[in-house]
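Thanks for coming, everyone. Please have the sequence and the model open while I talk.

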Amino acid sequence: MDASAEIMEVFSSIQGEGLLVGERQLFVRFYGCNRYCQYCDTEASKGPVRDCLIEKTPGHRDFAARPNPVSAEELIGIIRDANKFRRLHHSVALTGGEPLLHAGFLSAVLPVIASEMPVLLETNGILFRELEGLLPWVETISMDVKLASATGESTDWASHGLFMEKAKTRKLYIKAVLTSRVTDEEIHLLTDLIEKTGPAIPLVLQPVHGTLADPKWTRRLLDIQGLCKERLRTVRIIPQVHKMLNML
């Protein structure tokens with residue numbers, strides 16, 4: 001079992017993506033990712049740096065630095081300290097990078113934390129084996145389906161399908177980042193994947209930040225939503241709200 005992990009930052013902000021958008025959360029951002037998406041807005045999370053930044057006052061960006069790696073015991077203490085504002089945070093959000101690269105570390109942290117506050121896992125939806133052992137302590141899963149038109153890498157449909165089968169036992173929603181290069185074929189494959197697992201699983205279509213000004217693109221987004229709604233019950237278009245508000 002991993003006793004420590006490389007963590008980029010711990011901070012308080014609103015959730016800017018997905019079905020919990022607007023909720024106040026405590027974010028734990030991990031280093032490292034197994035994908036290299038062209039649209040990534042957290043480039044720094046791909047490789048470790050010396051210090052982990054810990055916000056001292058929720059939402060004030062008054063960070064204190066401490067050396068990496070961070071032990072499981074220390075992270076539990078940091079989360080508990082931030083959670084002393086009992087009515088402030090809806091949940092703790094594990095983000096990155098890819099948190100499931102640290103599954104051994106999380107298996108030491110989550111049994112404690114999940115008994116005190118809900119856990120949201122933000123993941124690229126590929127590491128299904130690592131997910132399985134953490135499911136008892138995760139309340140909500142925000143799973144990205146990585147479309148090749150957005151990432152520049154091939155879509156791992158098989159791993160996404162296996163991941164979704166395991167994740168559907170929790171509160172699961174699917175998120176797909178869209179660029180103007182998205183194809184109807186990708187949308188059909190995406191809806192096939194979700195429908196096969198469960199047509200009631202919500203889908204969030206997330207346009208890449210900064211692309212909404214083009215009226216042709218916004219009309220295209222509505223067409224894509226219409227295609228998805230032919231097969232799925234809940235399909236929402238939600239931009240990155242935290243980016244619009246210039247929040248972490």
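**A walk through the model**

N246 is found in the segment after α8, which covers residues 241–244. Remember that this is a predicted model. N246 has a positive phi of about 60°, although it is not a glycine. Is N246 buried or exposed? It is exposed, because its relative accessible area is 62% and the cut-off for exposed is over 50%.

There is another residue of this kind. R61 also has a positive phi of about 60° and is not a glycine. R61 lies in the loop between β4 (51–55) and β5. Its relative accessibility is 44%, so R61 counts as partly exposed.

Why point these out? Most residues other than glycine have a negative phi, and most peptide bonds are trans. Now the peptide bonds. The bond from N68 to P69 is cis, with omega near 0°. P69 lies in the loop between β5 (63–67) and β6 (70–71). The bond from G96 to G97 is cis too, with omega near 10°. Look for G97 in the loop between β7 (91–95) and α2 (103–113).

Next, helix α7. At the start of α7, a side-chain oxygen of D214 comes to within 3.0 Å of the backbone nitrogen of K216.

Which residues of α7 are buried? They are W217, L221, I224 and C228. These four cover an arc of only 65° around the axis, so they sit on the same side of α7. The face turned away from that side carries the exposed residues K216, R219 and L222. What does the buried side pack against? The partners are β10 (171–178), α6 (184–197), β11 (203–207) and β12 (235–237).

Stay with C228 for a moment. It counts as buried because its relative accessibility is 0%. C228 is also in contact with L203. Other contacts of L203 include I174, L190, I194 and V235.

That brings us to the core. In soluble globular proteins, nonpolar side chains tend to be buried together. Here the largest nonpolar core has 59 residues, and L178 and L203 have the most contacts inside it. A second, separate core has eight residues, including L20, A93, L120 and Y173.

Now cysteines. C52 counts as buried, because its relative accessibility is 1%.

C33 comes up again beside N124. N124 is found in the loop between β8 (119–123) and α3 (128–132). With 4% relative accessibility, N124 counts as buried. What does N124 touch, beyond residues up to four places away in sequence? The answer is C33, N34, R35, E98, D144, K146 and H160.

One last stop: S13, in strand β2, residues 7–14. At 6% relative accessibility, S13 counts as buried. Its contacts outside its sequence neighbours within four places are E23, R24, Q25, F27, M247 and L248. For scale, S13 and L162 are 149 residues apart in sequence and 31 Å apart in space, C-alpha to C-alpha.

Note on methods. Residues are numbered from 1 along each chain as its sequence is written. This is a predicted model: local features need pLDDT of at least 70, side-chain atom pairs count only at pLDDT 80 or more; totals for chains, interfaces and linings use all residues. Side-chain values use heavy atoms; hydrogens and water are left out. Buried means under 20% relative accessible area, exposed over 50%, partly exposed in between (1.4 Å probe, protein chains only). Helices (H or I, at least four residues) and strands (E, at least two) are DSSP runs, numbered from the N terminus. The arc is that of the directions from the helix axis to the C-beta atoms. Contact means heavy atoms within 4.5 Å. A polar contact is a pair of N or O atoms within 3.5 Å; within protein, one must be able to donate a hydrogen and the other to accept it, and residues adjacent in sequence count only if both atoms are side-chain atoms. A nonpolar core is a set of buried Ala, Val, Leu, Ile, Met, Phe, Trp, Tyr and Cys residues joined through side-chain atoms within 4.5 Å.
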